Every structure is written in structure tokens, then in C-alpha cells.
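Let me put the thing on the screen, and then I'll walk you through a few spots.

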Amino acid sequence: MDNKRSWLKHSFGKRLNAIHSWNAWILLLLAITGIVLSIGAIRGDLGGFRVTLKELHIYLGVASILLIALYAPLLRKHWRQIRTQPSRRANLVFVLALLLGWGASGVVLWQFRHLPPAWNNTALLIHDLLTWVGVPYAVYHAISRSRWLKRQQRLDQAAAAAMARPPAAQPAAYAPAAASAADAAAERTAAQAVIDALKKSPITRASFLRLAAGLLLVIAVGPAFYRWIKGAFDTGGNDIAEVASQDGNRMIPPPTPLPDSAAVIGGGAQGNFRVYTVTDIPAFSSDTWQFAISGLVERPNVWNWEQFLALKRTVQVSDFHCVTGWSVNKCTWEGIPLKQMLAAAGVKPSAKYVKFYSGDKVYTDALSLDQADYDDVMVAVMLDGKPIPQQLGGPVRLIVPKMFAYKSVKWLQAIELIDKEHIGYWEQRGYDNDAWVWVPQEGV
Ligand SMILES: Nc1nc2c(c(=O)[nH]1)N[C@H]1C(S)=C(S)[C@@H](COP(=O)(O)O)O[C@H]1N2
Ligand SMILES: [Mo]
């Protein structure tokens with residue numbers, strides 16, 4: 001109450017200034033936490049801190065929305081105040097659009113559990129796009145309005161004022177035509193100086209610095225932005241081809257696709273995978289690669305690549321959802337249904353859980369036997385008729401379509417039947433052990 005009264009007692013200008021600087025600080029922290037969160041390659045280094053960081057990012061986002069609410073009552077007066085300054089008005093409209101867009105898409109991403117994956121996907125796209133545009137804009141805005149640049153601007157103005165002062169009286173100029181040759185030479189130099197000054201481009205120090213800052217930003221951010229745009233709006237799964245072209249796996253022979261897989265019955269994956277790993281990306285060769293099933297089973301088994309390729313495979317089309325909001329729809333996966341593998345191995349009655357080991361030697365996850373019994377849980381070998389690229393978990397990865405993709409262990413090399421619950425890599429670091437993707441509830 002006290003706070004509220006003192007807030008209202010402040011002058012309009014003071015309140016605006018306070019909101020402006022709070023907004024700047026919150027945006028800075030949001031940008032830092034958000035960008036760190038979005039870098040796939042450092043997920044492993046962040047570990048459990050990632051989850052804390054995400055919470056922090058959400059709190060900051062909520063604070064930023066509250067700040068807009070605090071600003072809303074001042075908007076009309078502020079708008080009128082800057083009516084003669086179109087660049088300020090443009091800036092205000094742009095910044096408000098950014099903040100509202102970030103806020104709305106952020107809330108969707110935060111509440112993803114209660115929303116269809118398609119919403120998530122769109123929200124993430126918007127959130128990312130606004131970040132690509134907004135963060136460089138904010139940096140530019142901060143530089144071009146900084147005290148440092150304002151000082152340069154004052155220097156420019158001072159210089160211009162000096163130029164405008166009339167030159168000191170030059171008695172020589174009024175001398176009769178009998179002027180000496182030396183006087184004529186001096187006159188020529190002075191005249192040339194005027195012409196040179198007129199030839200100089202009107203770029204002032206301040207506008208030059210502003211231009212340089214803008215250019216540097218474009219150079220720094222441009223290429224990455226271009227790559228992101230290309231990936232984000234390319235729904236044909238081009239990225240998979242690009243990722244496949246950099247494959248470091250040497251698996252010989254390559255698997256021969258089944259007819260459904262060769263025909264890509266799903267029509268081709270829609271969307272782009274973000275390559276996630278918590279270790280360096282491991283590489284595999286068919287000379288040494290092995291796959292094992294063991295633990296509480298009647299018939300433990302180990303296969304080499306050729307033997308593994310002889311196992312009976314099926315084809316399924318399913319969607320792939322990461323808990324951070326992106327999805328790849330209509331993936332045509334070919335592989336061995338987990339169910340079939342478990343049946344062949346003979347699960348002992350004492351077994352309760354299925355544990356999955358990645359060839360990166362760090363990542364693991366687990367399913368209960370009930371969960372493992374879903375028909376679409378697959379030990380996948382091919383995606384859209386091609387070997388799974390190394391970066392996407394090839395040669396063999398798990399696919400659990402009904403759950404968030406942190407269950408879909410990449411570089412899968414071993415399955416162990418166990419009797420105690422195992423908490424997977426990300427679940428140990430704060431991810432929900434209940435990984436079911438939102439599904440429309442029928443009837444109930
Ligand atoms: N070995 C391993 N498997 C993993 C991960 C990982 O970091 N390492 N990340 C998981 C998460 S959170 C997701 S969203 C998907 C990402 O799959 P992709 O890298 O093929 O896009 O893999 C899952 N499986
Ligand atoms: Mo994920």
C-alpha cells in the first residue's frame with residue numbers, strides 16, 4: 001500500500017524513467033538466460049543448473065509482463081508527449097510489440113503441459129524470431145542512446161557551431177586589386193578549403209559511430225540469423241539432409257530400407273531437429289559397434305552391426321516433441337519395436353523397468369514395463385528411408401513418440417532389465433519423470 005502510494009506520488013517523468021531502466025535490466029537478464037538456455041551444445045555443461053536457469057528466465061519474464069502492466073496507464077500521456085518525435089513513437093511501438101510478443105509466446109512455452117504441441121512449436125518460433133530481431137535492436141538502441149554517443153553528438157554540434165561562426169575580419173580581402181602574388185595564393189587556399197569542406201560527406205562523428213555499431217551487429221548476428229531462418233521456415237526436413245552430409249559414423253553396410261520406409265510413407269519429416277547432446281558427439285564404426293540386451297532376461301544377447309541389421313524391422317510414422325517446445329512431425333522411422341526385442345529376450349517376472357544406455361557413456365533413461373509395452377516405442381535405425389544421421393543419434397536411437405524426447409536416447413547401445421526404478425539423465429536434473437506429451441482427452 002505504502003509502495004503504491006509513493007509510486008503514484010512520483011512525477012510522471014520519474015515513473016517513466018524508472019520503468020525504462022527496470023525494463024532495460026530485465027531485458028538484459030532475459031536475453032542472457034534465454035540465449036544460454038537455447039544453446040544445444042552446452043546443455044551437458046549446464047546440467048541441473050539448466051532447470052534453475054529456465055525457472056529464473058520464467059520469473060524474469062513474468063516480471064517483464066508486470067512492468068508492461070505498470071506502464072499501461074502511462075501509455076496515453078507518454079504517446080501524446082512524444083507526438084512530435086516520430087522516431088521515438090516508432091521505437092515505442094516496436095518495443096511494445098516485442099515485449100508483448102515475447103510475453104505471450106513465453107507464457108505458452110511456460111504452460112506447454114496444458115497446450116497442444118502445435119501451439120508450443122509456433123510459440124517457440126515466435127519467441128526465437130523476436131529474439132533474433134529484438135536483442136540486436138536493443139543493443140543498437142542502448143548504444144545509440146548511450147551517454148557516450150550523446151557526448152559525441154555534443155562534440156559534433158560544437159564543431160558545427162564553430163564552423164558557422166563568421167571568419168575573423170581579413171583586411172587583405174578588402175585590399176585593392178594591387179594585391180601581391182602571395183595574397184592571391186592565400187586566397188586560393190582559402191577558397192579551396194571551402195570547396196573541400198563542401199565535398200566532405202555530412203557524416204558526423206555520432207552518426208558514423210551509430211552506423212558502425214549497426215553494421216557490426218549485422219555482421220555479428222547476420223549469418224547465424226540466416227541459418228536459423230533457413231532452418232526454421234524450411235519444413236521439408238532439409239536440415240536432416242544437411243546434418244546427414246556431415247556424418248562421422250562408418251556403418252557398413254548401410255541398412256536397406258523396407259518398402260514403406262523407402263517410399264517415406266509419412267511424406268517426409270516436417271520441421272527441424274535441434275541437435276542436442278550432453279557430451280561430445282560420439283562416432284561409431286561397424287568394426288567395433290555392439291548392441292546388448294541383458295539384466296533380468298532369460299536370453300541375454302549381444303549383436304554386431306551385421307547381426308543387428310538382420311533383426312526384423314517395421315516402419316511407423318510419428319511425431320517427435322522436445323519438452324523445450326519444438327517438434328518434428330510425421331517422421332518415418334524404421335526399426336525394431338522394443339516390444340519385439342523384449343519378447344525375444346524373455347523378460348523375467350522380477351523385472352520392473354527397462355533401462356537404456358547411450359554410447360556416449362553418460363546419457364541414460366528408463367521406462368516402466370507398461371510404458372515399454374506401447375507399440376510405437378522403437379529401437380530405430382532409419383529416418384525417412386535413410387540411416388539415422390550421427391548427430392541425430394545414429395546408428396541406433398530409441399524413439400518414444402508419446403513421451404517428450406528426452407526419453408528418446410540417442411546412440412543407444414544397450415538395454416538392461418532391472419527391478420528398481422532408474423532416474424534418467426535429465427530427470428535427475430529436474431525434468432519431470434512423467435514425460436507424457438499432451439494428448440487431446442477424449443470423452444472423459
Ligand atoms: N544420448 C543422448 N540422447 C538424447 C539427448 C542427449 O543429450 N544425449 N537429448 C534428448 C533430448 S532432450 C531431445 S529433445 C532429443 C533430441 O534429439 P535430436 O538431437 O536428434 O534432435 O534427444 C534426447 N536424447
Ligand atoms: Mo528435449
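Quick housekeeping. This is a predicted model, where local features need pLDDT of at least 70, side-chain atom pairs count only at pLDDT 80 or more, and totals for chains, interfaces and linings use all residues. Residues are numbered from 1 along each chain as its sequence is written, with chains lettered from A and ligands numbered from 1 in the order they're written.

Back to Gly40. It sits in the loop between α2 (12-38) and α3 (43-46); helices here are DSSP runs of H or I, at least four residues, and strands are E runs of at least two, numbered from the N terminus. Which residues does Gly40 contact, leaving aside neighbours within four places in sequence? Arg274, Val275 and Tyr276, where contact means C-beta atoms, placed from the backbone, within 7 Å. His78 is 38 residues along from Gly40, and their C-alpha atoms are 41 Å apart.

Now the annotations, from an unreviewed UniProt entry. In the model, 124-143 is 100% helix, with end C-alpha atoms 28 Å apart. Residues 208-229 are also 100% helix, with the ends 29 Å apart.

UniProt also lists "domain: Oxidoreductase molybdopterin-binding" at 280-426, and that span is 13% helix and 39% strand.

Key
UniProt positions are given in the numbering used here, feature names are shortened, and annotations may be inferred rather than shown by experiment. Two residues are in contact if their C-beta atoms, placed from the backbone, lie within 7 Å.
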